[in-house]
Amino acid sequence: MLKKSVSVLLSLVLTGLVFSLHAQGASPGSLSAKASILMVAGTREVLYAEEEHTRLSMASTTKIMTALLALEAGDLGREITVTEEMVRVEGTSIGLLPGDTITLRTLVYGMLLASGNDAANVTAYAVCGGIAPFVERMNEKAQALGLQDTHFATVSGLDADDHYSTAYDMALLTAYALENPAFRAICSQTSARVEYGNPPYARTLRNHNRLLESYSGAFGVKTGYTKKSGRCLVSAAERDGVTLIAVTLHAPDDWQDHEKLLDYGFSLVRALDGASLCTLPTIPVVGGEQPHVAAAFANPAVLNVTQASPEITVELFAQPFLYAPVKRGDCVGTARFYADGKLLLEAALVASQDAAAKPKQEKEPESPSFWTRVRQFFGRE
């Protein structure tokens, strides 16, 4: 555990640090969506929203939660043998049949790329033993993430009276899901070569998300459609260190809606290097060939800010001293960035260089005592 005996608190207002932005009150223009939102992924700052808290059905964007829980369950390489009960579901399918063998990882590909309802059902059985307990886990996760206007009733997104969410909640869920490297890597692929069947054989799954190829910087996330929900889309894109999330529910022209939203967002937000907000400490080294080492960020500390972003404060916690030897990359502290008291980013601090231990000095042999010398003189030793 880090000792907090060294603590530096800096407070800087971002006014003047952000490049020229659109005037306040600007918007992405008219959208076709019944509900929409544009959110900065890292800070959860809302840049634009309309009916964002209105409860609506969300179709297969539901599979964001299903896939996330599958990834968090772990053991993605384990094989599942499909039963007839598991694939008793209508709608979009990746062609699973009773007797097929498939891994949990491939099921996630089947959900996020091809939007397979059968893949979602099999996932529920593989992770929780059935649909009902898996739905219960989905709702528990929703509560844990603060999705106050979300309730899941199906694992695939098929319509049900008590199956609903909001644009705001889906954006929050997506921001959390994208922090999972496996989730982000899978949803960003335009296609994937996978194996399943009886016996398994190679197949290609293709992503339904057109934005991956039509919009610069897009890397996800999920499409959806039912007659009740209409066209639903969750997208994410990154440019110059800025990551944005857009959600539209019941949007006849969703592809164009998302291009408008994302273009608008990228005109507003800039990436700010956290290193520009603070001076990192140097830490004394006990028993080292050099008296101290400088701290550095383990990874780039990037904050996405707008003109409306609140005041940023930085807390630095570092160990009061280090014992040699110190290796470059050793953890030495933590930096925390806050906006209005809300934690935006926690970044590890590491030693920026090695600090070798001083070589041990050999002790000089002790002089023999007087009586030892006398005995040696008379030859008794």
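Visitor: How are helix 1 and helix 2 oriented to each other?
Guide: In this predicted model, helix 1 and helix 2 are roughly antiparallel (angle over 145 degrees). Their axes, which are lines fitted to C-alpha atoms over the stretch in contact, come within 10 Å and cross at roughly 165 degrees, with helix 2 spanning residues 104-112. Helices are DSSP runs of H or I, at least four residues, numbered from the N terminus.
Visitor: Which residues of helix 1 and helix 2 meet?
Guide: K63, T66, A67, A70 and L71 of helix 1 meet L104, V108, M111 and L112 of helix 2, where contact means heavy atoms within 4.5 Å.
Visitor: And helix 5, at what angle does helix 1 cross that?
Guide: Roughly 30 degrees, between helix 1 (residues 63-73) and helix 5 (residues 167-177), with axes coming within 10 Å. The pair is therefore roughly parallel (under 35 degrees).
Visitor: Which residues meet there, helix 1 to helix 5?
Guide: From helix 1, I64, M65, L68 and E72; from helix 5, M170, L173, T174, Y176 and A177.
Visitor: New topic. What is the average pLDDT?
Guide: The average is 88, and 88% of the residues score at least 70; pLDDT is the predictor's confidence in each residue, from 0 to 100.
Visitor: Where is the pLDDT below 50?
Guide: Over residues 1-25, a stretch that has 59 contacts in the model beyond near neighbours in sequence. Where pLDDT is low, the predicted coordinates should not be read in detail.

Terms used. Residues are numbered from 1 along each chain as its sequence is written. This is a predicted model: local features need pLDDT of at least 70, side-chain atom pairs count only at pLDDT 80 or more; totals for chains, interfaces and linings use all residues. Side-chain values use heavy atoms; hydrogens and water are left out. Axes are lines fitted to C-alpha atoms, for helices over the stretch in contact, and angles run from 0 to 180 degrees between N-to-C directions. Helices (H or I, at least four residues) and strands (E, at least two) are DSSP runs, numbered from the N terminus. Angles under 35 degrees count as roughly parallel, over 145 as roughly antiparallel, 65 to 115 as roughly perpendicular and the rest as oblique.
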